[in-house]
Amino acid sequence: MGLLERWARPFAGFGAWLAKLTNGVYRSLGSPGRLFQDLMNGSFLGHSTHGLLTDAAVGAVTTLLVLDAVAVVFGADGSGFETASLVVLGFGALSAWGAVLAGLTDHKDVDPGDARNMATLHGLINIVATIGYTVAFFVRLGGGVGAARWISLVAFVLLASGAFIGGHLVYKYGVMVNHNAFSGGRRAKEFTPILPAAELPEGMPTKAAIGPTNLVLVRRGDVVYALKATCSHAGGPLAEGTLKGDTITCPWHGSVFRLSDGAVRHGPAQTREIAYRARISEGQVEVQGPIG
Ligand code: FES
């Protein structure tokens, strides 16, 4: 076990409680909560919202650090310079709070274990850093430039440490990474038979495969849909998902994908599911693709 994993392990209980709390809050908000959750996960964007907001926050507070260093070293401390520092600090603190919200939203769907412990530690450090920047903003607004600089410096060290752990989460554990990134699905240029049509029941997600690629098939009369069976969010088994209207819901964290093309209807997934064209021909289910 690595050092970071050892440090993060004591936060397992708190992480479980926090995930439950976040889930409860979102559930109590109903449909608007679901939309806000999609916004925070980045399901509308097809990209991590947390990643966007952390970029903004880290960029702003790094700029603040440089401005403060220039002011202290070269005495470039005019009122225009101070106004710029204050604006950058305010923008950084605001972006950091956005990143905290998006991060909590991602955190609730990380499964128990080292990855979630690490996500909890990452989040706690960054929440403390964000509080630090917020305090620094108001202290600076009140004229306490020197004190605000010290608070910002401590917050920067915390934020950088939190960001390092965040990188570890993504690069080592693949949290919020597209789980189909390295396996785009076996290509079938022509329609290829994969299952006797008689073995595909009406309206029930059914497992099949094309070469090494597992698929989930759904039959609606003569129409057949075929998606890769690995959920793009965290690899959940879509063949065990539930059908509703023209969608399938992943059994692990509830991502919802459109059957016809794999588009994300609801997160936490951000990346569309790999989809194939499918048909019934001469008593066989055939697929061709992937689409797009
Ligand atoms: S694995 Fe998380 S929603 Fe499918």
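In the predicted model, Pro 268 lies in the loop that links β8 (264–266) with β9 (275–281). The peptide bond leading from Gly 267 into Pro 268 is cis, and its omega is near 15°. A cis peptide bond also joins Gly 289 to Pro 290, with omega about 0°. Pro 290 belongs to the segment after β10.

Two residues are noted for their phi values. Glu 282, in the loop between β9 and β10, has a positive phi of about 50° although it is not a glycine. Glu 282 has 7 other C-beta atoms within 10 Å, and it is therefore classed as exposed, since the limit for an exposed residue is 12 or fewer. Met 176 also has a positive phi, near 60°, and is a residue other than glycine. The position of Met 176 is in the loop between α7 (145–173) and β1 (188–196). Met 176 counts as buried because 25 C-beta neighbours lie inside 10 Å, and a residue needs 20 or more to be buried.

Strand β10 (residues 284–289) contains Val 287. This valine is buried, as 26 other C-beta atoms are found within 10 Å of Val 287. Val 287 and Thr 192 are separated by 95 residues in sequence, yet their C-alpha atoms are 5.3 Å apart in space. When neighbours within four places in sequence are left aside, the contacts of Val 287 include Ala 188, Phe 191, Thr 192 and Ile 194. Val 287 is also in contact with Ile 210 and Ala 226, and with Tyr 276, Arg 277 and Ala 278.

The chain as a whole is considered next. The protein chain has 7 helices and 10 strands. Its C-alpha trace spans about 80 × 40 × 35 Å along the principal axes. Of the 292 residues in the protein chain, 41% are buried. Among contacts between residues at least 6 apart in sequence, 60% join residues at least 24 apart.

The domain assignment divides the protein chain into domain 1 (3–173) and domain 2 (188–289). The centres of the two domains, taken over C-alpha atoms, are separated by 37 Å. Contact between the domains involves 11 residues of domain 1 and 8 residues of domain 2. On the side of domain 1 that touches domain 2, the largest share comes from α3, which supplies 4 residues. By class, this side of domain 1 has no nonpolar residues, 7 polar residues and 4 charged residues.

Helix α3 (residues 30–41) also packs against helix α5 (residues 79–107), at an angle of about 105° and with the axes 8 Å apart. The two helices, α3 and α5, are therefore roughly perpendicular to each other, because angles of 65 to 115 degrees are placed in that class. On the α3 side, the contact is made by Gln 37, Met 40 and Asn 41. On the α5 side, it is made by Leu 101, Ala 102, Thr 105 and Asp 106. The contact of α3 with α5 has 3 nonpolar, 3 polar and 1 charged residues.

Helix α2 (residues 12–28) is a further partner of α5: the axes of α2 and α5 come within 9 Å and cross at roughly 105°. At this angle α2 and α5 are therefore roughly perpendicular to each other. Leu 18, Ala 19 and Thr 22 of α2 meet Leu 104, Thr 105 and His 107 of α5. By class, the contact of α2 with α5 contains 3 nonpolar, 3 polar and no charged residues.

Helix α4 (residues 49–74) has an axis that comes within 7 Å of the axis of α5, and the two cross at roughly 155°. Helices α4 and α5 are therefore roughly antiparallel to each other, since the antiparallel class begins over 145 degrees. The crossing in which α4 passes α5 is left-handed. The residues of the contact of α4 with α5 divide into 16 nonpolar, 9 polar and 2 charged.

Technical notes: Residues numbered from 1 in each chain as written. Predicted model: local features only at pLDDT ≥ 70, side-chain atom pairs only at ≥ 80, totals over all residues. Axes fitted to C-alpha atoms, helices over the stretch in contact; angles between N-to-C directions. Parallel < 35°, antiparallel > 145°, perpendicular 65-115°, else oblique. Contact = placed C-beta atoms within 7 Å. Nonpolar A, V, L, I, M, F, W, Y, C, P; charged D, E, K, R; others polar. Left-handed = near helix turned anticlockwise from the far one by under 90°. Domains from an automatic or database assignment.
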